[in-house]
Amino acid sequence: MSSHQNVRDRILARLHASGAELTTVPEAPLPPELSLDREAKIERLAAMMTAMRTDVHIVDTHNWSDRLKELAREKGWKRLLYGPEGPIGSNIETAWASDTAGLPELVAYTGPMEAFKEDLFQIDAGITSVRAGVAETGAVVLWPTSHEPRLMSLVPPVHVAVLDADTIYNSLGEMMTAERWADGMPTNALLISGPSKTADIEFTLVFGVHGPKELVLLIRK
Amino acid sequence: MGNKTTFDFDANIDGALKDDQLRKNLRKAMDILVDKRRAVFPDTAYLEQLRSAGNAIKRRALKQLPRLLEQLEANCTKNGIQVHWAEDTAQANGIVLEILRRHDARDIVKGKSMVSEEMHLNHFLEANDIEAIETDLGEFIIQLNHETPSHIIVPAIHKNKDEVAAIFHDKIPDTPYTENVEELTAIARRVLRKRFAAAKVGLSGVNFAIAETGTLLLVENEGNGRMCTTVPEVHVAVMGLEKVVEKLSDVPPLLRLLTGSATGQMITTYVNMITAPRRSGEKDGPKEVHLVILDNGRSRMLADPEFRQTLLCIRCGTCLNHCPVYVRIGGHAYGHVYPGPIGKILTPQMEGLDQAGVLATASSLCGACGEVCPVRIPIPDLIRRLRNESYDQDGSAVVKGGGYKKNLAETLVWKGWSLANRSPLLNGIGTRLAGKAGKRMPKVGPLKKWTRVRTSPQVARTSLHERARNEGVKDE
């Protein structure tokens, strides 16, 4: 086998010699973008994500954690994974400081994944903040951080996502431009539109394959 | 139906056409996919504009392909992703194996990747004592049954739930027989979660690689792709070199076209954008990310202005769903990794016309594939071009194995035809003779094969010329 550099250079040389750069590509404008007001964006995102079997709740920004506690009791989660230093970490800790009957035990994601991988695969719910929402397609956008790592929204069977209504954009394109994504991308950026699903057997739609079986979305407004 | 090692297209087609269960499964599935696509693009004007934009974005990427690949490599490297180049599938397999060996890995969890199918990676790894574990539900089902995908997007679509139930019951220890799809899905989840947690290396394909930021974008619904790219210590992504796009702003329209065309979805459950391995202080994600960029004939396709359009493809599979041939014979009959219309133009260019040119004959040229293609690849035109190159009457073929069908008898027939149509005398004699033959077309050689399933053409007793003369129309 020839060396790495040679392979690379040969491929690139063939591509350079292809004459493709001489082609002219006509301008093709994109179709008009969606343009909704604040309320309509919230409504559209909620409707689209509900259609994808997301459990959407519109909650008050100030006492949203009360609704979270209600849900936790209702659904009977045993343990809830959270990021103590994430944007909603202290909120959750405060809420869990009193009136704890029937609430799941809080599990903090503090060390590297290797240290608690086995346990991680046993936890039944995880909660994260999200960076933004996309109204057009219905999706939340996550840029996982060291405070709210990637696996929190993937491994536990229930993912609770907390979205601020003011961060909902019309479209993915609008968000990428407004937030200047091209200037620097995180390790991992995610769009999530519902619980994991498959239709691989006879197109029968089944929710909960390898990712979360349930997605709970709290929209704070 | 298992996968045959030798390729006999006629026999495959015969077999598939006689398989009632297969045809029922396919018809139902393809009708659903066609309806779902139509429902997600209700506004025709919007869709046509979006298709034109998708075409322009991909053409702009191909126009700058070497520069974009260099930029992608530079940005990935800067972000900590290790970039590898492979001329062919053997080199790509070697690169993956070397990474697995270095990490002492005995198995690898795989997200759905057509390039890894093109590499026959599972087979190669098996020969090297490494277990490749397919984790997409459809791929998992067919891997248990030692089959290959029959569709680019829904690999097990040729199976119904009874067949899946039997496969799970037979192949997964201690699994009771169930035809309940939710239970079947739960079984796969249970089996594979253990594998995700244990594997050292995960593999994925790439839907779009963004040169501007060095980002690899993957779409999926099940979460297995995220598992494969997040839980193991090492993530290896494999991509064909045509997957690169210039910038992030190219992504939203392409995503819309891809998910809408593939499964009729506004968006998949997950859009996973990977730009770096785990950075200092981060608590999860792979510590190493590798990107393998595969050529395997693609750079050759770029050199021809017409064939280059094959590289616009975003692998949505909608041309399969709309193809009257695919819907009747299914993916396995094509005997190669990429079935359906896109396979008919891609495979002969990769493997040579002498090896796979016959695929281009399996088309009624109805044009449906070209009409629905989200990036406007003129698939029927390319099929015709490949058919012409198979005979290569004028010696201009650019595809490997061109002229493999050229033969003296046919060359003489065409020469004669051309001559007869240029000489009024020969033309007159010819049409009179054909008129005399009338219904009695000789059923020999290629004519016999042609008329086996078709009504023989009947030549009129008198030619148009004669009738015009008899009617008193003046000959120019």
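Two strands pair if DSSP finds at least two bridges between them. Helices (H or I, at least four residues) and strands (E, at least two) are DSSP runs, numbered from the N terminus.

## Basis of the model

This is a predicted model, in which local features need pLDDT of at least 70 and side-chain atom pairs count only at pLDDT 80 or more, while totals for chains, interfaces and linings use all residues. Residues are numbered from 1 along each chain as its sequence is written, and chains are lettered from A and ligands numbered from 1 in the order in which they are written.

## Strand pairing between the chains

β9(A) pairs with strand β9 (residues 270-274) of chain B in the antiparallel sense, over five bridges. Within this pairing, A:Ala189 has B:Met273 of β9(B) as its bridge partner.

## The A-B interface

In chain A, 65 residues are in contact with 77 residues of chain B; contact requires C-beta atoms, placed from the backbone, to lie within 7 Å. On the side of chain A that touches chain B, at least two residues each come from α1 (4-16), α6 (172-178), β9 (188-192) and β10 (197-198). The most is given by α1(A), with nine residues.

By residue class, this side of chain A has 35 nonpolar, 21 polar and nine charged residues. Here Ala, Val, Leu, Ile, Met, Phe, Trp, Tyr, Cys and Pro count as nonpolar, Asp, Glu, Lys and Arg as charged, and the others, Gly among them, as polar.

## Domains of chain B

Chain B is assigned domain 1 (41-296) and domain 2 (408-470), with bounds from an automatic or database domain assignment. The centres of domain 1 and domain 2 of chain B, taken over C-alpha atoms, are separated by 54 Å.

## A:Ile58

A:Ile58 lies in strand β1 (residues 55-59) of chain A. This residue counts as partly exposed because it has 16 C-beta neighbours inside 10 Å; the cut-offs are 20 or more other C-beta atoms within 10 Å for buried, 12 or fewer for exposed, and partly exposed in between, with C-beta atoms placed from the backbone.

Leaving out residues up to four places away in sequence, A:Ile58 touches A:Ala46, A:Ile219 and A:Lys221. The C-alpha atoms of A:Ile58 and A:Ile219 are 4.7 Å apart, although 161 residues separate the two along the chain.

## Positive phi values

Most residues other than glycine have a negative phi. A:Arg180, in the loop between α6 and β9 of chain A, has a positive phi near 50°. A:Arg180 counts as exposed because it has 9 C-beta neighbours inside 10 Å.

B:Asp104 also is not a glycine and has a positive phi, of about 60°. B:Asp104 sits in the loop between α5 (89-102) and β2 (107-110) of chain B, and is exposed, with 8 other C-beta atoms within 10 Å.

Terms used
Two residues are in contact if their C-beta atoms, placed from the backbone, lie within 7 Å.
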